[in-house]
Amino acid sequence: MTDNEHETGRPEGWPEGRPRPDRRTPARVLGTPLTDAPSTGAPLPGASSGAASARPDAADEGTDLPAVPGVVGVVPQDERTARRAERIAALCFLLAFAALVAFLVTYVRLQVGGLSATGSSHVALGGTLTLALLALASGIVIWVRQIMPKYELVQRRHPMASPEEVRAEVAATFVRGAAESGIVRHRLLRRTLLLAAAPLGLAPLVLLRDLDTTGAPAAQLHRKLRHTVWGERTEDGKPLRLVVEGTGQPIRAADFNSPGGILSVVPQGYEHDLNVLAKATVILIKFRPEELKPGTDPNWTHDGIVAYSKICTHVGCPAALYEQTTHHILCPCHQSTFDAADGARVVFGPAARPLPQLPVGVDEEGYLVALGDFAAPVGPSYWERGDAEARARENGGHL
C-alpha cells in the first residue's frame, strides 16, 4: 500500500466491485473552465458537443472557451471576436493598473506648497484617477459585451390583480385595524386628528408663495439683496465714512499710507448692526500706484487705497486673508483666491465672480468715505441676480 491511493490500490471510499478509473482527474487551476470528464471522455451534463469539438487542439493548449450550456436563447460569442476582445480588455486593465500606480506616486511625490503646485497636483491626481476608472470600466464593458454569451430572456406576464382570497384578507385586516384603533367610536380623537392634519395641506401653498417675486414684499427683499447701506447718506446729506471694524475709528487717508497694509472696515453708524454688516463689511488695501492693474477701477480708488467687499462670492464666507507679496485675497472656507491688484478677479477656487469694488474718496476733513454703493450685488449668487456685472457696465458702473 502506498501513500498515494490514486495510483495504486482502490481509492479511499471507492465502492467495492466498481472498476478503478484508468487515470486520475487532473487538477483545475482556479479561474479556468471545467474540462470534460476524463474517465469516460463524455462531455459534462448539458454541454454542447459542437463546442467541445470546435478546436481539436484545445486539450493541448488547455485554454479552450467553456462549452455553452444547452439553454434556449443562449448565443455564444464568435471565438475570434472573443479572443480579440480579451486582449483589448486585458490592455484596459493594464492601463488602469498603471494609472493607479501613477496616482499613488503623484500623491506621494508631488508636494503642495503654492498655487501653481496645488493646481498641478489637482490636475495630476484627477487625470490619473479618471484614466484608471475609465480604463477599468471600459475593460469590464468589453468583457461583458464581447466575451460573455448573449442571452435572450423572456419574462412571462401574470395577472396584476391579487387573488380574491388575498384581497379579502387585506380588507378584513383593514377593518379589524380600524376597529381596534377606535377611530369610529372615539369621535373627539377623530375630529381633533383631522383638525391637526388640515393645515398640512396648506403648507405647500405657503412655501410656493415665497417663490413669487412679483409682489411688493418680494420686490423689497430683492432690493435688499441687491443694495447695501453704502449708497445711503447721513442725516446731513454727507456720504458714510469708513471706520475700523471693532473700534469704530474713522480712517484718514494720510494715516493709511503703508503699501501692503490691510484693514477691515464697516460703515459709520452701523458698527453693531449685524444684518447690515453681513453685506457691508469691506477690506481696505493700500497699493503703490504702479501695482494696480487694469481690472481695478482707478476712479474708485484714492491714492492707491482700494476697497473690496469682504463677503466671498462663493458661499459668503469672510475673505480676509491677504498675501502681500502676490496681492492675493484668500477665502479660508474653500480657498477661493482673488487678485486684489486686478479688480479682485478670481485666480483660484470655486468662486465664479470677483469681489465687488466699493468706490471710495475723502471728505473735506480727509477721512475716507464711500462715494456710492457697490456696482454689483455682494456675496453669493441668487436666482434674481442675473448678470449684474454686465448691467453695471451698461449703466456706467451703477446698478
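Predicted model: local features only at pLDDT ≥ 70, side-chain atom pairs only at ≥ 80, totals over all residues.
Residues are numbered from 1 along each chain as its sequence is written, and side-chain values use heavy atoms, with hydrogens and water left out.

Helices (H or I, at least four residues) and strands (E, at least two) are DSSP runs, numbered from the N terminus. Two strands pair if DSSP finds at least two bridges between them. E3 and strand E4 (residues 262–267) pair in the antiparallel sense over 3 bridges. They belong to an open sheet of 5 strands, with antiparallel pairing and the order E3-E4-E5-E6-E11. At its edges are E3 and strand E11 (357–358), each pairing on one side only.

In soluble globular proteins, nonpolar side chains tend to be buried together. A nonpolar core is a set of buried Ala, Val, Leu, Ile, Met, Phe, Trp, Tyr and Cys residues joined through side-chain atoms within 4.5 Å; buried means under 20% relative accessible area, exposed over 50%, and partly exposed in between (1.4 Å probe, protein chains only). The largest such core has 21 residues, and those with the most contacts inside it include Trp-230, Val-282 and Leu-358. Two or more residues each come from strand E3 (242–244), helix H8 (274–280), strand E5 (282–286), strand E6 (305–309) and strand E13 (368–370). Leaving aside neighbours within four places in sequence, Leu-358 is in contact (heavy atoms within 4.5 Å) with residues including Trp-230, Val-282, Trp-300 and Phe-374. A second, separate core of 17 residues includes Phe-287 and Leu-355.

Charged residues complete the picture. A salt bridge is a side-chain nitrogen of Lys or Arg within 4 Å of a carboxyl oxygen of Asp or Glu, and the whole structure holds 11 of them. In helix H5 (residues 164–181), Arg-167 and Glu-164 lie 3 residues apart, about one turn of the helix, and their side chains meet in a salt bridge (3.7 Å, N to O). Arg-167 is partly exposed at 48%, whereas Glu-164 is exposed at 54%. Asp-342 and Arg-345 form another salt bridge, their closest N and O atoms being 2.7 Å apart. Here Asp-342 is buried at 16%, while Arg-345 is partly exposed at 38%. Both belong to a network of salt bridges that also links Lys-293 and Asp-339.
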